[in-house]
Amino acid sequence: MSKVVERFLEYVKFDTKSDETSNTVPSTEKQKKLGLRLVEELQEIGLENVSMDDNGYVMGELPANCNDDIPTIGFIAHMDTAPDMSGENVNPQIVENYDGGDIILNKEKNIVLSPNDFPDLKDYIGKTLITTDGTTLLGADDKAGIAEIVTAVERIKSNPEIKHGKIMVGFTPDEEVGRGADHFDVEKFGADFAYTMDGGFIGELQFENFNAAGAKVTIKGRNVHPGSAKNKMVNSTFIANKFINELPEKDRPENTEGYEGFYHLISFNGSVEESTLTYIIREHDSKKYEEMMKFMKSLEEKYNAQYGEGTVKIEIKEQYKNMKEKIEPVMHIVDNAKKAMEEVGVEPKILPVRGGTDGARLSFMGLPTPNIFTGGHNFHGKYEYIPTHSMEKAVDVIVKIIDIYSQK
């Protein structure tokens with residue numbers, strides 16, 4: 001078993017699920033348990049200035065081993081896992097020499113990972129896969145990224161013949177709830193540019209992402225006894241359903257791909273008296289993004305005119321923007337990542353991120369940060385899996401990026 005796989009299997013045992021309802025930093029204290037382990041491990045490897053601050057951000061430095069003028073490169077991954085599903089008692093299953101058929105994740109619950117549902121599995125026939133046991137997520141998003149970074153810097157440290165400039169590593173909390181960059185100290189990190197190891201399948205390389213906002217829709221109703229409700233009752237759940245249908249069906253995530261944006265209803269809680277809808281709004285094109293937010297806000301006015309002032313309240317909060325404009329002036333960081341992939345035998349696939357990464361916000365904070373694959377598939381749920389080959393190649397890519405910049 002390779003070192004990166006060993007590390008990954010250790011890290012997924014830490015329950016680091018973040019909590020979007022929490023106001024603490026980090027949102028869950030248990031993320032710091034993995035942080036402390038990473039501090040210990042980076043120190044064991046021999047990195048310097050290793051620390052975890054009060055907010056749970058881990059940083060470490062591998063000093064340059066030469067006097068050449070080489071930029072300081074950063075590599076970043078996040079420690080938390082998504083709130084969508086439990087990350088407690090993760091029990092990874094190892095499938096060696098995958099035969100291309102169904103993988104039984106949980107016989108008792110009849111949970112099957114099938115290429116009929118996930119055709120990408122066919123790309124890994126003959127490879128070793130790590131899956132869930134069908135009861136939790138796996139945590140490859142983004143513990144695979146952490147394992148890849150730690151393994152790469154260990155390789156660099158252990159091979160002094162590999163010339164390099166200063167290398168910085170950073171591990172963040174709360175990326176999955178949109179707060180991963182909130183307290184990231186860019187000045188302390190001190191990198192000229194960085195890469196998040198937070199992408200999906202092997203070969204992904206991304207420097208564009210969605211513009212993103214979250215929206216909370218609160219709908220007030222009036223509850224009276226149903227026996228005497230005529231002309232008195234206002235059922236907020238019916239208004240909520242009408243509201244949902246106002247947003248075009250074609251603009252739902254299940255009907256979009258590539259650069260197409262969407263409105264995504266992520267929760268609906270309702271009663272006669274009050275209903276709340278929680279949405280995320282995503283769009284690559286900034287003009288279309290602004291139009292989507294304006295359209296949603298216009299529904300507030302429409303429904304209040306129809307049902308009475310104060311019936312519908314919509315709060316929209318912007319979350320992050322498309323990092324493309326911050327990456328394009330320094331496109332060498334993308335070009336060299338592409339070159340690194342090619343040199344280690346990985347076919348680069350430059351795609352827009354249909355989501356966001358810490359790098360999106362970090363790029364606007366002065367640290368240009370494109371995104372590189374970790375190798376995982378089906379993040380945030382029980383069908384998550386990762387080929388070990390992809391993780392090993394991600395390590396190779398990190399090392400090769402460092403090598404390419406040392407040769408310039």
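In the predicted model, helix 2 (residues 31-45) packs against helix 3 (residues 140-158), their axes coming within 10 Å and crossing at roughly 15°. Angles under 35 degrees count as roughly parallel, and helix 2 and helix 3 are therefore roughly parallel to each other. The sense of the crossing between helix 2 and helix 3 is right-handed. On the side of helix 2, the contact is formed by L34, L38, E41, L42 and I45; helix 3 contributes K143, I146, V150, E154 and K157. Sorted by class, the residues of the contact of helix 2 with helix 3 comprise 6 nonpolar and 4 charged, with no polar residue.

The crossing of helix 1 and helix 10 is right-handed. Residues V4, V5 and F8 of helix 1 make the contact, together with T388, M391, E392 and V395 of helix 10. In the contact of helix 1 with helix 10, the class counts are 5 nonpolar, 1 polar and 1 charged.

Technical notes. Residues numbered from 1 in each chain as written. Predicted model: local features only at pLDDT ≥ 70, side-chain atom pairs only at ≥ 80, totals over all residues. Heavy atoms only, no water. Left-handed = near helix turned anticlockwise from the far one by under 90°. Helix = DSSP H or I, 4+ residues; strand = E, 2+ residues; numbered from the N terminus. Contact = heavy atoms within 4.5 Å. Nonpolar A, V, L, I, M, F, W, Y, C, P; charged D, E, K, R; others polar. Axes fitted to C-alpha atoms, helices over the stretch in contact; angles between N-to-C directions. Parallel < 35°, antiparallel > 145°, perpendicular 65-115°, else oblique.
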